[in-house]
Structure formats: structure tokens, C-alpha cells
Amino acid sequence: MVWTVPHTLCTTTALACVLQCFLCQRGRQSCRCPCASPELSEESPAEMVKMTKSKTFQAYLPNCHRTYSCVHCRAHLANHDELISKSFQGSQGRAYLFNSVVNVGCGPAEERVLLTGLHAVADIYCENCKTTLGWKYEHAFESSQKYKEGKFIIELAHMIKDNGWE
């Protein structure tokens, strides 16, 4: 489930927190939203103020779910439930394959010979900081690789785990 925040709410962080708290309470999980009351929140008031001044992203994933974020700017990238495989190789090392991602832009598709054969791929980049994160599989030329079409590779070097990984 992805919660999209319209641009008109850029300064309305309190509303965003209330909606996130509602989602956390509905899932009967402990709430970690910065607007939670002091007895429910593990964060100090200084950290809560710091949280309200964070950047606004195109889409937010719920705080009560394990997520992956951009290591450079902390924009949300993917929900752990969208992870397909941890056994992929990117151009800069290990990478994960996801069904869907958020806050990414897509470049033009081009044909590349990868470890598993010829594919048409498009580089993906963080919409917030413009860092290239990996690629999207647009077309697989071998029948055994068709399952990758429409899926996304994000390299571990460009993402960090957020929310609920204790």
C-alpha cells in the first residue's frame, strides 16, 4: 500500500502524521510517527521537530512497515513486501529485484547484455536527489527471463533499510 501526498500538502506535516498514525493503529502495530503523543513515541521533542522539517517526497510509504530508502536523501523507494529477490548483481555490486518502487524516475530504454542475456532496460534514478539507483527491465529477449519485465533493480550501494528492521 502506497500513500501518495499531493504537492499542496507540502507544509501540512501534521495532517500527514495523523494519517500515518491512523494506518499504524489500524494495523495494531506500535506507532513511530513523529506526531504521536510523548508516551507513545520513542523520539525526543528535538527529533520530532527535526522530522517535521524533512523534505517532501512524491510518495510516502507507511511508517509502520519495513521499507527501503535512498541512502543519499532518505526518499522512500520500496516496501519490503515488494521484494522479489536479493540475488541480483548490479553494475556496482549486489542488488535487489522489486515488483514496484516509488519516488523514481525512468530514463530511456536501451539494449544491454547483462549476466543473464540481452535485455532492454531503462536506468532509474531517485526523483529527489537524481542519483542513479539501478534499472527497470522493459523487455527480456529470452523466454526464461520474461518474469523480469516491468520489475526494478536497486543496487544495495544506493539504499538503506528504514522502519521496523529491529
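**Figure 1. The second largest pocket of the predicted model**. The second largest pocket has a volume of about 170 Å³. A pocket here is an open set of points on a 1 Å grid over the protein atoms alone, with protein on both sides within 12 Å along at least five of seven lines. Lining residues have an atom within 4 Å of a point. Grid points are joined across faces, edges and corners, and the volume is the space filled by probe spheres set on the points. This is a predicted model: local features need pLDDT of at least 70, side-chain atom pairs count only at pLDDT 80 or more, and totals for chains, interfaces and linings use all residues. Residues are numbered from 1 along each chain as its sequence is written, and side-chain values use heavy atoms, with hydrogens and water left out.

**Figure 2. Lining of the second largest pocket**. The residues are S87, F88, Q89, G90, L114, L115, T116, W135, Y137 and K148. Strand β5 gives the largest share, four residues. Both β5 and β9 (132-140) supply at least two residues of the lining. Strands are DSSP runs of E with at least two residues, numbered from the N terminus. By class, five lining residues are nonpolar, four polar and one charged. Ala, Val, Leu, Ile, Met, Phe, Trp, Tyr, Cys and Pro count as nonpolar; Asp, Glu, Lys and Arg count as charged; the others, Gly among them, count as polar.

**Figure 3. The six-stranded open sheet**. The strand order is β5-β6-β10-β9-β8-β7, with antiparallel pairing. Two strands pair if DSSP finds at least two bridges between them. β5 (83-90) and β7 (104-114) stand at the edges with a single partner strand each, so one side of each has no neighbour in the sheet. From one strand to the next, the twist averages 30 degrees. Axes are lines fitted to C-alpha atoms, and angles run from 0 to 180 degrees between N-to-C directions. β7 pairs with β8 (residues 117-126) in the antiparallel sense over nine bridges. Here G105 stands opposite Y125 of β8.

**Figure 4. Salt bridges at R112**. A salt bridge is a side-chain nitrogen of Lys or Arg within 4 Å of a carboxyl oxygen of Asp or Glu. The whole structure holds four. R112 meets E110 at 2.8 Å, N to O. R112 also meets D123, at 2.7 Å, N to O. D123 lies in strand β8 and R112 in strand β7, so this pair ties together parts that are eleven residues apart in sequence. Together, E110, R112 and D123 are linked in a salt-bridge network. E110 is partly exposed, at 41% relative accessible area. D123 is partly exposed too, at 31%. Buried means under 20% relative accessible area, exposed over 50%, and partly exposed in between (1.4 Å probe, protein chains only).

**Figure 5. The salt bridge between K130 and E127**. The two side chains meet at 3.5 Å, N to O. K130 is partly exposed, with 49% relative accessibility. E127 is partly exposed as well, with 32%.

**Figure 6. The three-stranded open sheet**. The order is β4-β3-β11, and the pairing is antiparallel. β4 (76-79) and β11 (159-162) are the edge strands, each pairing on one side only. The twist averages 30 degrees from one strand to the next. β3 (residues 67-70) and β11 pair in the antiparallel sense over four bridges.

How values were computed. 1 Å grid on protein atoms, 1.4 Å probe; cavity = no way out; pocket = protein on both sides within 12 Å on 5 of 7 lines; lining within 4 Å.
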